[in-house]
Every structure is written in structure tokens, then in C-alpha cells.
Amino acid sequence: MVLYTSPFPNSFLSVLHSFSWGLIFPCYWLADRLVGSFVPTTYEKRQRADDPCYFHALCIIITTPIYLALLVASLPFALIGFLLWSPLQSARRPYIYSRLKDKNHANGATLLTEWKAAGSGKSFCFGSANVCLLPDSLARFNNVFNTQARAKEIGRRIRNGASRPQIKIYIDSPTNTSISAASFSSLVSPQAGDNRTVNAGIKRTTSMEYKGDNCGSNNGEESREDKGGSGEPHEGEENTCIVRINGEENGHLSDTEADTVNGQAHASGPAEPSLEGDAEVSKTPNHKQKEGDSGSLDSCSASRESLVKVRVGDGTVDQSTVNNKLLYKASIMKKTSVRKKKHTDETFDHEISAFFPANLDFLCLQEVFDKRAAEKLKEQLHHYFEYIVYDVGVYSCHSCCSFKFVNSGLLFASRYPVMDAAYHCYPNGRGMDSLASKGALFLKVQVGSTPQDQRIVGYISCTHLQAIAGDTTVRCEQLDMLQDWLSEFRKSTSSSSTANPEELVAFDVLCGDLNFDNCSSEDKLEQQHSLFTHYKDPCRVGPGEDKPWAIGTLLDPEGLYDEEVCTPDNLQKVLESEEGRKGYLVYPTSKNHGSSQKGRKASLKGNGRRIDYMLYTEEGLYLEWKVEVEEFSFITQLAGLTDHLPVAMRLMVSTGEDDP
């Protein structure tokens, strides 16, 4: 299958399309600004609280006639442009495939050589988020604004979170699961590729594996050259910095122990030079969200989990002069048996994280409707992801029943090469949703090869269903179509037969905003859909019941800019408590309670409306392999930028063979 790298088959149509859109854009922009001036967000209302009450009204009185006059003047040009633009959409391709042109940062081919399926397995990480990048006037109805700036910041935060070193801290303590600043002093930062156990001469042991330097760009080959050592992970699996702390009493270090750790660290093997790690903790103003925000690794301030700042010799390494800045945020992953004592039967880690998972392999986004915002987002994501599929969907009346003003809003980013892609539009959209070409994007990626040169591939699907509450029948019909399209795509892109398999399927993942939850009584039909018999939901016990640790992914728009939740760390802290979730998550609707959201949450089951899903299946995969969930995360790194919580899942594909 040919991947489309341009929206039109020839340059003449592309130029004609650009010309027609140039005639439409002034009218579009003016209308967007005019409507947006009448829909303030809560953030803007608070900013204007100290201004005289007449000041904003005066601004509207002055600007509105200007906008209206310019809008009327631009209408004739917009009409001409529309008459050219609309018929061109019949020749438009359903997506644009973008590949990083900078060969110095391209590493997709390198990743393919890492996994030869000769080891015991490899893990892959998937992320999904609804980023609400609509035209600014429409985004304001969800209490978010400045779509262009948000797109750039969202992309920056995602790639900064994904490119950080993967540091996991497991706390083995029967009485306390906290980490003091002193305990971080025991961290020793090894060199890239170094994997050793450090014994600090106290009752805590630290085993560390460093993942390599990949901040701000695609992982280069130099970060993978040294993979030797006695503790090498699964073949093709990048190193991870793992800190394991066995706590005594309160789980804190005494002053004497802290001094001991700061002064020396003895390796279990032969003595080697090591870097001393000092823990430094500071607080970030909750209301700040800019370059120094704790949601970004460019920040000089620390999260509540603490920053580990590496020092060499007697001098501190200058953060601005080192490419990787040597500034790491540790994502605290407490063992399931400790962090959630009620869930001892869970087989994988789960957490509420302030960061996107390190080494994120695949990313699926929804509601990237604005084309200019999509370009800005793509530019940022290309610092980490080599392959991106964006501007997915159809316009005008092409191949759909109703006129489509905007695309599907789907965007896919990958570190691995995309082999095939297909898009289908849901023909049964209703209301406002019928104006967007909502549908499903299907992708086939290559993730490795066997020693016999068989391709190892994976399937990923991303979708966004009907949003209007009460449209249960519409969503069920869309789920039916989704299953049929999934089957068709697998058949049409498969180049293997049972007798002569040319490729082995490692995983099949489905994610997206399905716009129904698993606890609401109004969503029973969707909860019982046959899709869930083929695909597994790691957060779900069964129809109508989620696992106790699963939380909702839909935030209350009115509280997006509250000081308690406007930064990733603060939002993480709030969502870890039941009362915090009741204050800032949207819960399933109930006909038996009043309209006050906070007044009706107490009697409802679940922890909020979880409408963003990450599903996987074991059907159709290579029979000798096994797929298991290794980690599931609810992510707060986009706090203040969208009204949804991103989710992430790490799958382990086990080949059943021993490491060579």
C-alpha cells in the first residue's frame, strides 16, 4: 500500500487548494476571533477580576464593529474560495504521512535491528490523548483557549516526557511508601549502558540501569552502542534506571545514613568511578505554566517526587551546557502490593503519573481539528517521533453522507516505520458531530525482524466516536463498523499465510476517545458490546464495573485553572485522593440526583467517567508468543492544556525463548 505524503496527487491541485484556502482564511479567522471574544474562559475571567468592570465591555464595543466590517468585506472572497475549495476535496487523500527528513535524528531503521525475536521478549509503549485542538472559538466552550500556543506546548511536553530517562522507584516498605529528600541522595547516576547494583553500606540497596541520552530528539545510535554487562535486559529493550529501596521503620534515612550515602557508594563489582547524586527539592508556583513549568523537563524546579541533579567532582554540571541537562525526574512506581494493598491480584503496575512514559513508542491523538495547530504539533513531535500521520479525514461531501467542515481530528505518531495506513469515516454522525469527519485510522507498523528475515509487525487503530450524550444507538453502530473495518484492514494488509508466514504479528492495539464510560447506567449498551469480547480493557472488570484503581479521564472544565490542579504535579496529587477526584473529575450522570455535580458524586460507583480507552487483543497474533500488560498510566502532564487525561499502556511481547 502506498503511503500518501501530500494531500493531493499532483502539485497543480495542491497550488489550487492553497489559493482557494487563502481566499477563505481571512473570513474564517475573523469569524473565529469575533465569536471567541464573547466566550471567555475561567482563566481570563480571573485575569480580568482586578480590571474595572467596564474595561472589557469597552474593548468588545470597540472591536466588534471592526471585526464585523472586516468580516463582511471578506465574505465575497471567501465565497469564491469556497466554490474552488469544495470540489477539490473529491481528489484529496485521506491523510498526510510525514517522515523526519533530518537523517541525524532518524532512527526508525536502527530500532528495527534491535529486536530479532531471539530473546525472551520486548516491550512496546502506547499513548492516547484527546487534546481539544479545535478552532479557538469552539475550544472556549470546553474552557480552553489559544489553540495555536497550546498545540506547540502539548507537543513539547509530550516529547520531553517521552524522551526522558526511564527511572522507576519501587518502595518495599510494609509501613511507609513515602520517599524523603534524603533517600534520593542514595541515587548514583551510572554512565549510559551501565547496569550495576550499588551498595551504599546501609539498609537500602539501589540497582540501576540507565536508559541512555535521548532528551529532546530521537534516540541516536550512540545511546545504544554499549549494551554489555551482566544485567542486560531483554534483547532490543532499552535500559531502564530502576531504583529499589528496601525501607525499615518509617522508610526514611537517618542523618548519619544520608551522610554515608552522600560521601561514598561502593559498587558490588570492581571499583569504578561514579557520579554523586544530590537530591534537591523546590516548589513551583502552582499558577505558572510556561517554560519553567514542572510539566516540562526544561524546568529547573522540582516536582513533589523530587529532582535528581547530578554533580561531577566538586562542581555542579551546568544544565544549560549539557545536551541531556542531566536533570531527571523520577516517576515513582510503587509496587502494586504496597501502593494498592487491596489489589494484590493485579499482575501489572499502574499509576497516576506526572509524565508521559519514557520511551513512548506510539502516540494516538484525538481532536486535532485545527490544521495550523496540527502543523505546530507535528513539528514538536518530530523531535522525538520519526513517523507521523496527520490531517486525517475527508472534507466537503466526499464519500460521506453530510457536508464535512473539519477533518477527523486523529493524529498518529510512531518511532517505528509505518507500513500501511487506512481511514474510514463514520457515516452516521449526528448533530454537531456530523460536521466533522469522525472515523477510524488503522495502521500497520514494522517493529523488528526474525533471524530468518521474517518481518515482525504490529497493528494500531485510533478512533473517536459520537460525543453527544444519549446517542447510544449511534455509538453502537459505530462500534459495529469499527469491528468490520478492523477485520478488513487485517486481511487486506496481511502478506502471510499459515503455511508460509512472511511476517509475525506481535500486537494489535485499539485506542481512542469512545465517549462512553464503563460505570454509567446510560451507557449499558456500549459496555456490553461484542468489541470487549475480542479486545481486553486493562482497567475493566466487566460491564458496568471498573477496577478500583482506574480513574476517570474527563476533567471538569470549570476547574481546569484552579491552583490545585493547574500543574502536572498538583493534578497528580489531587487525583490520588478520592476527595480530589470528586472535585475535579466528571462523574457518570444520574437521573436520581440533581444537576449539581458535586452533590451527586458520593453515591456513584467508579472514580469518574473513563471515556478514553486503551485496548489490546491476543487474537490473530503469532501463536507461540504471549502479550501481557506490563504497565498502565493515567497522565497529568497536559494539565491546563486539555480537558482530558491522557492514558498510556506498556505491553510485553514474550517470545517464550531464553536470552542468548
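User: Which residue in E25 is the bridge partner of Glu351?

Analyst: Strands of a sheet pair through backbone hydrogen bonds, either parallel or antiparallel. Here the bridge partner of Glu351 is Ser633 in E25, and Asp349 stands opposite Glu631 in that strand. Strand E14 and strand E25 (residues 626–635) run parallel and are joined by five bridges. Two strands count as paired if DSSP finds at least two bridges between them; strands (E, at least two residues) and helices (H or I, at least four) are DSSP runs, numbered from the N terminus. This is a predicted model, in which local features need pLDDT of at least 70 and side-chain atom pairs count only at pLDDT 80 or more, while totals for chains, interfaces and linings use all residues. Residues are numbered from 1 along each chain as its sequence is written, and side-chain values use heavy atoms, with hydrogens and water left out.

User: Where do E1 and E14 stand in their sheet?

Analyst: The sheet is open, with eight strands in the order E1-E16-E17-E15-E2-E26-E25-E14 and mixed pairing. E1 and E14 (349–353) stand at the edges; each has a single partner strand, so one side of each lacks a neighbour in the sheet. From one strand to the next, the twist averages 15°. Helix H6 packs on this sheet, touching E2 and E15, and its direction makes about 165° with that of E2. Such angles run from 0 to 180 degrees between N-to-C directions, the axes being lines fitted to C-alpha atoms, for helices over the stretch in contact. Contact means heavy atoms within 4.5 Å.

User: Are the residues on the two faces of E14 buried or exposed?

Analyst: In a regular strand the side chains alternate between the two faces of the sheet. In E14, Asp349, Glu351 and Ser353 lie on one side and His350 and Ile352 on the other, and all are buried. Buried means under 20% relative accessible area, exposed over 50%, and partly exposed in between (1.4 Å probe, protein chains only). Both faces of E17 are covered as well, with Leu411 and Ala413 on one side and Phe412 and Ser414 on the other, all buried.

User: Which residues are bridge partners of E17, and in what sense does E17 pair?

Analyst: Ala413 in E17 is the bridge partner of Leu363, and E15 and E17 pair in the antiparallel sense over four bridges. Ile388 also stands opposite Ala413; three bridges join E16 to E17, and these strands run antiparallel.

User: Which residues of helix H10 are buried?

Analyst: In H10 (residues 371–381), the buried residues are Ala373, Ala374, Leu377, Lys378, Gln380 and Leu381. They cover an arc of only 160° around the axis, which puts them on the same side of H10; the arc is that of the directions from the helix axis to the C-beta atoms. They pack against several elements, including strand E1 (96–99), strand E2 (121–133) and helix H6 (147–163).

User: How many strands form the sheet that contains E18?

Analyst: Five strands form this open sheet, in the order E18-E19-E20-E21-E24, with mixed pairing. Strand E18 (418–425) and strand E24 (612–616) stand at the edges with a single partner strand each, so one side of each is left without a neighbour in the sheet. E18 pairs with strand E19 (residues 439–449) in the antiparallel sense over seven bridges, and Ala440 in E19 is the bridge partner of His424.
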